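We will go from stop to stop, selecting as we go.

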Amino acid sequence: MKNIVRFLLIVVGLGSGCSQPQTTEDKVMAEEAFFTPNPILVSEQEVAPLEIGEMAPDFNLPGVDGKFHALHDYEQAKVLVIIFTCNHCPTAQAYEERMKQITNDYKDQSVQIIAISPNSPLGLLYEELGYSDLNDDYEAMVQRADDAAYNFPYLYDGDDEKVSLKYGPVATPHVFVFDAQRTLQYRGRIDASEKPGSANGED
């Protein structure tokens, strides 16, 4: 478990050009042209987390970058790390900077990190918003990624939660690490402490 950090990520290229940078509002308008969020009520059901040794379930989800992302898009990565996280959770917020740092640390080691929000905005309780400046809808995800300068893909699964139901995250953030054959090798936390430096060691 203590070697989990050795498994983690690649930076998404920011590109270059002479045009003015887009505002968050511009990005949301552009992204709505390719995808319109439509969250539906999902019936309560028992969900089992993916077991060690199982293959990564396929997905094709909209990202905050205005593009769809599929499992096969990352087939060149020797290690694929999928982290289920979200906007509103204070624990997920506490790990944002570490996720970005891990992305930078492992960008040249054929490791790809992908963040997926499993939350439907319909399921968010009003009292939960007391811990956050943003909710979990797609537009808020775009703003969160922009404001926090995410350097990894951030994907939305809040319409029907189909992908999340296949992986079975039980909290945010919840990490799933796959090898080159996309076999699950690790499932669990990023490290042992929500507050860096307050535990005996890092996973």
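**Stop 1: around helix α3**

Start with what covers the buried residues of α3: this includes β3 (79-84), α2 (90-94), β4 (111-117) and α4 (138-147). Helices (H or I, at least four residues) and strands (E, at least two) are DSSP runs, numbered from the N terminus. Now select α3 itself, residues 96-105. Its buried residues are E96, R98, M99, K100, I102 and T103. Buried means under 20% relative accessible area, exposed over 50%, and partly exposed in between (1.4 Å probe, protein chains only).

A note before moving on: this is a predicted model, in which local features need pLDDT of at least 70 and side-chain atom pairs count only at pLDDT 80 or more, while totals for chains, interfaces and linings use all residues. Residues are numbered from 1 along each chain as its sequence is written, and side-chain values use heavy atoms, with hydrogens and water left out.

**Stop 2: the cores**

Select V81, I83, M99, Y154, V175 and I190. They have the most contacts inside the largest nonpolar core, which has 25 residues. Such a core is a set of buried Ala, Val, Leu, Ile, Met, Phe, Trp, Tyr and Cys residues joined through side-chain atoms within 4.5 Å. Two or more residues each come from β3, α3, β4, α4, β5 (154-156) and β6 (174-178). The most come from α4, with four. Apart from this core lies another, of 17 residues, including L50, I82, I114 and I116.

**Stop 3: L80**

Go to L80 in strand β3. Is L80 buried or exposed? Buried, because its relative accessible area is 0%. Leaving aside neighbours within four places in sequence, L80 is in contact (heavy atoms within 4.5 Å) with L71, Y74, Q112, I114, F176, V177, F178 and R182.

**Stop 4: T85 and Y154**

T85 sits in the loop between β3 and α2. T85 counts as buried because its relative accessibility is 4%. Beyond neighbours within four places in sequence, the contacts of T85 include M99, S117, P118 and Y154. Now select Y154. With the neighbours within four places in sequence left aside, its contacts include P62, T85, A115 and M141.
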